[in-house]
Protein chains: 2
Amino acid sequence: MNVVSIRSEGPVEALANALSQSSPLKLWSMIVSCLGDCALAGQAEVSGRVLSAMVERIGLQPQAMRVALHRLKRDGWVDSRREGRVGYHRLTDSAKAQVRAVAGRVYGPAVLGVPCRLVGFPPDTPDALALLPDTLSAVPVSRSFALVSGADADLPEDWLLAAPDARDWPSWVLGVLTEAACEADFAALSRVLPSAEELPDDPLGLFAVRILVLHGWRRLILRSNPAAEAALGEGRAEAECRTQVLALLDAIGPPRADQVLV
Amino acid sequence: MNVVSIRSEGPVEALANALSQSSPLKLWSMIVSCLGDCALAGQAEVSGRVLSAMVERIGLQPQAMRVALHRLKRDGWVDSRREGRVGYHRLTDSAKAQVRAVAGRVYGPAVLGVPCRLVGFPPDTPDALALLPDTLSAVPVSRSFALVSGADADLPEDWLLAAPDARDWPSWVLGVLTEAACEADFAALSRVLPSAEELPDDPLGLFAVRILVLHGWRRLILRSNPAAEAALGEGRAEAECRTQVLALLDAIGPPRADQVLV
């Protein structure tokens, strides 16, 4: 039985294992992904039973739920209420605002044809990039030069601006860009995503796959640098992976936490 | 007499004194300027008598001539021959080749509308700029970025190229450019150059002024950075000073070493 289950690992377990290769799945982060996905789909609350069932299906320990939820509440991410023996959990307003702020980047289509600029900042301003507004993304290519995408008007006035010669980046720049744009990680995610044919056919399994896909994608896309993506252009791994993810989420359908255990 | 001569300092002495303010006039360098100017005008040889008379008129010590010429010969800059009691001096072929190589930059019209590019070179290549071919000029704006003018095709393939946004350089770049393009020195030279009306009317005086003007201009233009000049564009001090120098050389007429003492 054990041998068989290893050999004929289902799509949920296979995906969970694959996603754990790069870095372990964190229970608290999975819960945020789940509550965020449901909230954006109009389902503010998710019952503790559904969360536990999903977590178990994924292969994480449901016993750790209590501690994870406690910490999320303490840190202002989650609100909970209890109805008899069942707990109901939702993102706090500030957490929801954060989820909404990145919803376009997580769920939206690939952004192509974004121009990127080469900028130089004055010497002795080591924090220059850290102080940029959210409307801009930057990837440093030297101690005082960076490639930037976003709202040009928000660039500091005393920066040197230039239009880089497009297409072929020299290898030392390409190395920085592929690293910052998480090329290898997107390609790896693309490889482990199930095809539409491989999806489980039970509601809980589908729900678990959706949250896993979203979670794996979300932690990666929020780490990847938009300026580096813009600089790499259309052939980048992020764009391909995004297409795959969006098609998969579409095939799975919206999250139906309330119907998972029905 | 002494008091009067100080007060009514002639144009040659005035110019010599003014040029000495930034850095002392070096006899050996004056001789090279003179022999080079005459060689380009088709007068390969200049007699020791003319050199001495010019040097004396300028206010340098003619006694130092023997030592200066000896060193120039030793270092392969000057060839001399003697005819009776008169020595005749000329640049060696290699020195003449060097003078010719920069003749366009020294005697030619201002070069305007030259594009400049922003380049980045790979990390750990501190000598990148020093290794550029002569067809390119570069002014560093950071540890691994520079503004470059010249033959783009000669730029190393692994450099990052970009077209800087024209016109208003940020102050930290402008500071680098004005320094590298010797803006203050060109402006200072412009201020001390005599007007055509102030020129002396004797052949030796005219000859001495020509060599002084040329010498002051030459040592400055060969120090100024062409890439920085290109980046500064039309309003730069070099272009104005050049116009003034060329007009003055034109007003003085070609060097006639053979007629100076006639």
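Is Glu45(B) buried, partly exposed or exposed? At 25% relative accessibility, Glu45(B) counts as partly exposed, where buried stands for under 20% relative accessible area, exposed for over 50% and partly exposed for what lies in between, with a 1.4 Å probe and protein chains only.

The structure is a predicted model, in which local features need pLDDT of at least 70 and side-chain atom pairs count only at pLDDT 80 or more, while totals for chains, interfaces and linings use all residues. Residues are numbered from 1 along each chain as its sequence is written, chains are lettered from A and ligands numbered from 1 in the order in which they are written, and side-chain values use heavy atoms, with hydrogens and water left out.

We can begin with the way the two chains are arranged. Two copies of a chain are related by a rotation about an axis and a shift along it.

The interface between the chains can be described next. There, 23 residues of chain B are in contact with 23 residues of chain A. The two chains bury about 1700 Å² between them, with 70% of it on carbon and sulfur atoms; buried area is the accessible area (1.4 Å probe) that two parts lose on being put together, summed over both. On the side of chain B that touches chain A, β4 (117–120), β7 and α8 each supply at least two residues, and β7(B) gives the largest share, 5 residues. Helices (H or I, at least four residues) and strands (E, at least two) are DSSP runs, numbered from the N terminus.

Between chain B and chain A there are 2 salt bridges, a salt bridge being a side-chain nitrogen of Lys or Arg within 4 Å of a carboxyl oxygen of Asp or Glu. Arg117(A) and Asp165(B) meet in a salt bridge at 2.8 Å, N to O, and this pair runs from strand β4 of chain A to the loop between β7 (160–164) and α8 (171–180) of chain B. Arg117(A) is buried, with a relative accessible area of 15%, whereas Asp165(B), at 31%, counts as partly exposed. Asp165(A) and Arg117(B) also form a salt bridge, their closest N and O atoms being 2.8 Å apart.

Over all chains, the structure holds 22 salt bridges. Within chain B, Glu45(B) pairs with Arg81(B), with 2.5 Å between the closest N and O atoms. Glu45(B) lies in the loop between α3 (27–40) and β1 (46–47) and Arg81(B) in strand β2 (residues 78–83), so the pair ties together parts that are 36 residues apart in sequence. Arg81(B) is partly exposed at 36% relative accessibility. In chain A, Glu45(A), Arg81(A) and Glu83(A) are linked in a network of salt bridges. Another salt bridge of chain B joins the side chains of Arg236(B) and Glu238(B) at 2.6 Å, N to O, and both of these residues are buried.

Chain A is itself divided into domain 1 (10–109 + 183–226 + 236–259) and domain 2 (116–180), with bounds that come from an automatic or database domain assignment. Their C-alpha centres lie 32 Å apart, and 5 residues of domain 1 are in contact with 6 residues of domain 2. The area buried between these domains is about 400 Å², of which carbon and sulfur atoms give 40%. In domain 1, Glu183(A), Asn225(A) and Pro226(A) lose the most area to domain 2, together 92% of what that side buries.

Finally, we can turn to Asn225(B), which is found in the loop between α10 (203–221) and α11 (226–232) of chain B and counts as buried at 15% relative accessibility. The side chain of Asn225(B) reaches the backbone oxygen of Ala138(B) at 2.8 Å.

Technical notes. Contact = heavy atoms within 4.5 Å. Polar contact = N/O pair within 3.5 Å; in protein donor to acceptor, adjacent residues only side chain to side chain.
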